[in-house]
Amino acid sequence: MNSFVAWLKTNWVIAVLAVVALAVLPASIFVSSGMDATLRETMQKKVSDDFNAVSKDKLEYAVKSPVVPGESLIKHSDAPNEKLIQYFAEARTRTSAEAAEVWSTAVEFNKKNHSVLIEGVFPAPSELDKQSKPVEFAKTLVRTIAPALLKAIDAGMPPDGERLAARLKDQYDRLHNAQLATAGGQELSEQANKKIVDELVQLRLGEYRRRASEIRVYADAAVFTDLPATAPTSAPSLRQAWEWQEQIWALEDLVAAIASVNDSGRGATSGVPGSVIKRIIKATVGPVVSAQGGGDPSFPGASAAPKSDGITSLLVPDFGQSITGRTSGVGSGNMLYDVRFITLNVVTSTRRLPQFIDALAQTNFAAVVGCELRSVDTHADLEQGFYYGDEHVVEASLKIETVWFRDWTTVNMPEEIRVERTGVSAADATISAPVAPPPRAAPPPPDEGGGKRGGRRAIDLPD
């Protein structure tokens, strides 16, 4: 022991270092284990936070419907993904382009070959032509439109009653005198008189049949109740002239549908007996439909009417107007087209009436929204010269809804009328079709710009 103490005195540095080394080992183990737990906890929390942030931060990917506001064709909820963003951006652009193409085709179908009656009247004549052009318009209307409409459907009326009566009288006198000569001047018997009457009846029916074979539908200028029969003595207002112009377009489509169905429905039977529409009694074009009094410049709130935001203004249905829900005018939210109703009274084939309803839709955007059927006294009509043939007929009163796209009508529409219908002043007018806008670049992946995580966000893709 004395020797160990002596060694310790001479080697105390070694002894101290040995003690320190032995003490440091368990302390290091204790401290390092504590540090490892803290580090693990920190790292686990960071990984957990990142995972939760990524998994909770989902985006709403969508391709909006170009027809129904607020509806989507495709919807998908998922985490931020560059591929998904690009896919939906391209889908939105493609859908918008397709909608624009469909709209352009629809406008062309609606417009067809419609044009103004004469140039220089709409949207407003020059100061020099302010009086002469409206007068020229009215004279041209009276002189040309009704004859052109009737010619398009190969229309005509029964034989003239007075001339036919005169011919029948001449024939009666000839037959009666011939019978008297045969009877030696004696009074004719009842049988002889009956024979003469039968011959005259057949002659009369023959004339009715002959006339019916020469035309395709019974009608004259009077059936177009909206068109003036004579030119006005003074210049019509620009408003009246435009009203006539829109009525002309509606009637042009109407007679086109009648001509189409009468032509396609013909078989071996010709003339009126082979036609679907056999007689036009009356055709009346109503005013432009206006929601909530729209079209009236005194309508409250007209200046605050909603502006067009493209096709999203298309479907704001009002089923109080018609079964289609279509309406127009200030307050309707519809900045794309005007609606007009035509009331048509006709004598038609009962069995083939649906063919005419189809022909209306094939001619333009027209739909039958009301129909009343009444029986026809064919004997009474035959007395007046209307011969319909052998098939069953009815008198149909049809309410026809027509649609007129402003993309082409407003090019010539007088300013005053356009403002009334849209509630948009000339300075703010932006009446345009829902053409697809140029595609914007796809947005960057979320949070590259420091975006806040958490909750769902909609991606701002091209409209």
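A salt bridge here is a side-chain nitrogen of Lys or Arg within 4 Å of a carboxyl oxygen of Asp or Glu. The model you are looking at is predicted, so local features need pLDDT of at least 70 and side-chain atom pairs count only at pLDDT 80 or more, while totals for chains, interfaces and linings use all residues. Residues are numbered from 1 along each chain as its sequence is written, and side-chain values use heavy atoms, with hydrogens and water left out.

The structure holds 22 salt bridges. One of them joins Glu214 to Arg211, with the closest N and O atoms 3.1 Å apart. Why are Glu214 and Arg211 separated by about one helical turn? Because they sit 3 residues apart in helix 6 (residues 190-214); helices (H or I, at least four residues) and strands (E, at least two) are DSSP runs, numbered from the N terminus. Glu214 is partly exposed at 39% relative accessibility, and Arg211 is partly exposed at 22%. On this scale buried means under 20% relative accessible area, exposed over 50%, and partly exposed in between (1.4 Å probe, protein chains only).

Another pair to click on is Glu127 and Lys130, whose closest N and O atoms are 3.2 Å apart. Glu127 is exposed, with a relative accessible area of 63%, whereas Lys130 is partly exposed at 42%.

## A buried pair and its network

Arg340 and Glu246 form a salt bridge with an N to O distance of 2.7 Å. Arg340 belongs to strand 6 and Glu246 to helix 7, so this pair ties together parts that are 94 residues apart in sequence. Both residues are buried.

Arg340 and Glu246 also belong to a network of salt bridges that links them with Glu243, Asp338, Arg406 and Arg421.

## The nonpolar cores

A nonpolar core is a set of buried Ala, Val, Leu, Ile, Met, Phe, Trp, Tyr and Cys residues joined through side-chain atoms within 4.5 Å. The largest has 60 residues, and those with the most contacts inside it are Phe224, Leu254, Ile277, Ile280, Leu344 and Phe356. Elements that each supply at least two residues include helix 3 (82-111), helix 9 (353-363) and strand 8 (393-405). Helix 7 gives the most, with 12 residues.

Which residues does Phe224 touch, leaving aside its neighbours within four places in sequence? Phe224 is in contact (heavy atoms within 4.5 Å) with Ala146, Leu149, Leu150, Leu251, Val255 and Ala283. A second, separate core of 13 residues includes Leu164, Val272, Val347 and Tyr387.
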